[in-house]
Amino acid sequence: MELRLYDTLTKEKRTFVPLDANNVRMYVCGPTVYDFAHIGNARPVIVFDVLFRLLRHLYGEAHVKYVRNITDVDDKINDRAARDFPGLPLNEAIRKVTEQTGRQFHADVDALGALRPSVEPRATEHIAEMREIIERLVAGGFAYAAEDHVLFSPQAMNAANDGLPRYGALSNRSLDEMIAGARVDVAPYKKDNTDFVLWKPSKPGEPSWPSPSGIKAEGRPGWHIECSAMAWKHLGEQFDIHGGGIDLVFPHHENEVAQTCCAFHRQRMANYWMHNGFLQVESEKMSKSLGNFITIHELLADWPGEVLRLNMLKTHYTSPIDWTMKSLEESGKTLDDWYRIAADVEPGKPAASVVDALLDDLNTPQAIAALHGLRGSAVPALAGSLRLLGFLSESAAQWKDRKQQASGVDVNEVERLISERTAARARKDFAESDRIRDQLAAMGVLIKDGKDAEGKPVTTWELKR
Ligand code: AMP
Ligand code: ZN
C-alpha cells in the first residue's frame with residue numbers, strides 16, 4: 001500500500017515518504033478571519049481533511065500533525081473592524097471581528113464533517129518567530145530594511161545559489177521574466193520591484209509590534225512571513241506536506257519557500273506541495289457583483305453539511321469544480337440512500353477498493369464509484385469506508401428527522417405511502433397505485449420508479465422544488 005501524491009514543485013505524482021518514517025507533518029493555509037467563509041474556501045478544508053483522515057488511517061491517529069493557521073492580522077480585517085464597530089478603539093474592534101469570524105468558521109467546517117487540525121495557530125501569537133526569521137534573512141543578505149520596511153530580495157536569493165531552491169521554481173516562473181514584466185509602480189523603498197514585504201510600519205491606531213532589530217518604529221508583518229513562522233514553530237524547518245488553493249502558488253507559497261529556505265539554508269520547505277483547483281458556481285466565477293457568491297453558512301441552511309462534503313468530493317481535488325444545484329440534489333439523494341442502508345450497520349474495515357482510490361493522489365471520484373459498487377454486496381465495508389471519508393456522523397433516524405425538518409414533509413408518512421403503493425403495484429391494482437402517486441404529488445413529493453443493483457424494483461422520491 002503506497003500513497004502517491006502529485007507535487008506542484010516537481011510536477012509529478014510521487015510515492016509519499018515522510019521525513020520521519022513514523023510521523024507525518026502537514027501545513028495548510030487557513031482563513032483570513034474577516035467575514036463568512038464562502039463555498040470555495042470549503043474546498044481546501046474538505047480536501048485536506050480527507051488527506052488528514054487517510055494519513056491517520058495509514059500512520060495512526062497520534063502520528064499525524066496537521067497545522068492550519070488563522071490569519072488574524074490583515075488590512076481586510078482592519079477595514080471590517082472600522083466599518084462594523086466605529087465607536088470602539090480599532091484594536092478592540094479587530095478582536096471582535098476575528099473572534100466572531102473565527103467562531104463562524106469553526107461552526108461551518110465542523111458541520112462539513114472536517115476534523116479540527118492538531119494545531120490552529122494564530123498569526124498574532126507568532127510575531128516573535130516572524131521577527132527571528134526576518135533577522136536571519138537580513139543577516140544572510142537576503143533581506144534589507146528601508147524606510148521602516150523589511151524587504152526580501154528574490155534576486156539576492158538566486159544570486160546566492162548555494163544549496164537553495166531557485167526563486168520561481170514552485171510557480172514555474174523565471175525571475176528574469178518577473179523582472180521584465182514587473183509593473184512600474186515601484187514603491188520608493190524597494191531596491192527592485194520584485195522585492196516583497198516581510199515587515200511594514202503600522203498606521204496610527206493599527207495593531208503594531210516591536211519591529212525586527214534595526215527598525216525603531218513599531219510595525220506589523222507581511223502576509224507571507226506568517227506561514228513561514230507558524231510552520232517552523234509547529235512543524236520544524238522542513239516538513240512533509242504543504243497545501244492550499246491553486247491561487248496561493250504565486251506569490252504566497254513561492255514567497256514562503258523563499259523565506260524558509262533562505263532562513264534555514266534548506267533545499268526544500270515542504271517535500272510535497274498540494275494545491276486544490278478552483279470552484280465556480282453554475283459555470284461562473286463566484287463574485288459578489290455577479291450575485292452568485294455563496295457562503296458555507298447559507299448553504300448549511302438548506303443542506304446537511306455531509307451533502308456539501310460529498311458534492312465537493314465528486315470532483316478530483318486538482319480539477320476545477322462547477323458547483324451546481326443539480327449536482328447538490330444528486331449528492332443529497334446518494335446520501336439518503338447510504339444513510340438508509342449503512343448508517344445503522346456495524347462498520348467493517350474500509351474496502352480496499354476505496355482505500356486504493358484514495359492512495360492514488362486522493363482520487364475521490366473513483367473512491368465514490370467504489371462505494372457505489374459496495375452497496376449491494378458489502379454493506380459493512382461500505383459503512384466503514386464512508387466513515388473513513390468523514391460521512392455517517394448521524395444515525396439513520398437522525399438523518400431522516402433532519403430531512404423532515406428541512407422539508408416540512410413527514411418522511412415516515414411518505415415512506416408508508418410508497419410501500420402501500422409498491423404493494424398495490426405488486427397486486428396489479430394500478431388505480432390504487434395511481435391514487436397514491438397523486439396523493440404524494442399533492443404533498444409536494446415526486447416519485448420515481450427504477451431498479452436497484454440486483455434488478456429489483458425500487459421507488460425513490462424527492463421534493464418538488
Ligand atoms: P483566502 O481566505 O482567500 O486566503 O482563502 C482561503 C483558502 O481558500 C485558500 O486555500 C484559497 O486558495 C482557497 N480558495 C479561495 N477561493 C477559492 C475557490 N473559489 N475555489 C477553491 N479554493 C478557493
Ligand atoms: Zn500560507
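Buried means under 20% relative accessible area, exposed means over 50%, and partly exposed lies in between (1.4 Å probe, protein chains only). This is a predicted model: local features need pLDDT of at least 70, side-chain atom pairs count only at pLDDT 80 or more, and totals for chains, interfaces and linings use all residues. Residues are numbered from 1 along each chain as its sequence is written, chains are lettered from A and ligands numbered from 1 in the order in which they are written, and side-chain values use heavy atoms, with hydrogens and water left out.

**Overall layout**

- The protein chain has 465 residues, and 50% of them count as buried.
- Its C-alpha trace spans about 90 × 55 × 40 Å along the principal axes.
- The chain holds 17 helices and 14 strands. Both are DSSP runs numbered from the N terminus: helices are H or I with at least four residues, strands are E with at least two.
- Three domains are listed: domain 1 (4-171 + 197-279), domain 2 (324-396) and domain 3 (409-463). Their bounds come from an automatic or database domain assignment.
- The C-alpha centres of domain 1 and domain 3 are 53 Å apart.

- Ideal angles at a metal are 109.5 degrees for four tetrahedral donors.
- Cys227 is buried, at 1% relative accessible area. His252 is buried too, at 1%. Cys29 is buried at 12%.
- The disulfide count is zero, where a disulfide is a pair of cysteine sulfur atoms within 2.5 Å.

**Helix H8**

- The 16 residues of H8 should span 22 Å at 1.5 Å a residue; the end C-alpha atoms are 21 Å apart, which agrees. The expected span is 1.5 Å times one less than the number of residues.
- H8 is largely enclosed by the rest of the structure, because 14 of its 16 residues are buried.
- The peptide bond from Phe250 to Pro251 is cis, with omega near 0°. Pro251 is in helix H8.

**Salt bridges**

- The whole structure has 32 salt bridges. Each is a side-chain nitrogen of Lys or Arg within 4 Å of a carboxyl oxygen of Asp or Glu.
- Lys13 and Asp360 form one of them (2.7 Å, N to O). Lys13 lies in strand S2 (residues 12-15) and Asp360 in the loop between helix H12 (352-359) and helix H13 (364-374), so the pair ties together parts 347 residues apart in sequence.
- Lys13 is partly exposed at 36%, and Asp360 is partly exposed at 28%.
- Asp49 and Arg309 also pair (2.7 Å, N to O). Asp49 is in helix H1 (residues 42-59) and Arg309 in helix H10 (residues 305-313), 260 residues apart. Both residues are buried.
- Arg83 and Asp84 meet at 3.4 Å, N to O. Arg83 is exposed at 59%, while Asp84 is partly exposed at 31%.
- Asp7, Glu12, Arg14 and Arg268 are joined into one network by salt bridges that share partners.

**Backbone exceptions**

- Most residues other than glycine have a negative phi, and most peptide bonds are trans.
- Asp361 is not a glycine, yet has a positive phi of about 50°. Asp361 lies in the loop between H12 and H13 and is buried at 4%.
- Lys428, also a residue other than glycine, has a positive phi near 60°. Lys428 is in the loop between helix H16 (411-426) and helix H17 (430-442).
- Is Lys428 buried or exposed? Lys428 counts as exposed, at 63% relative accessibility.
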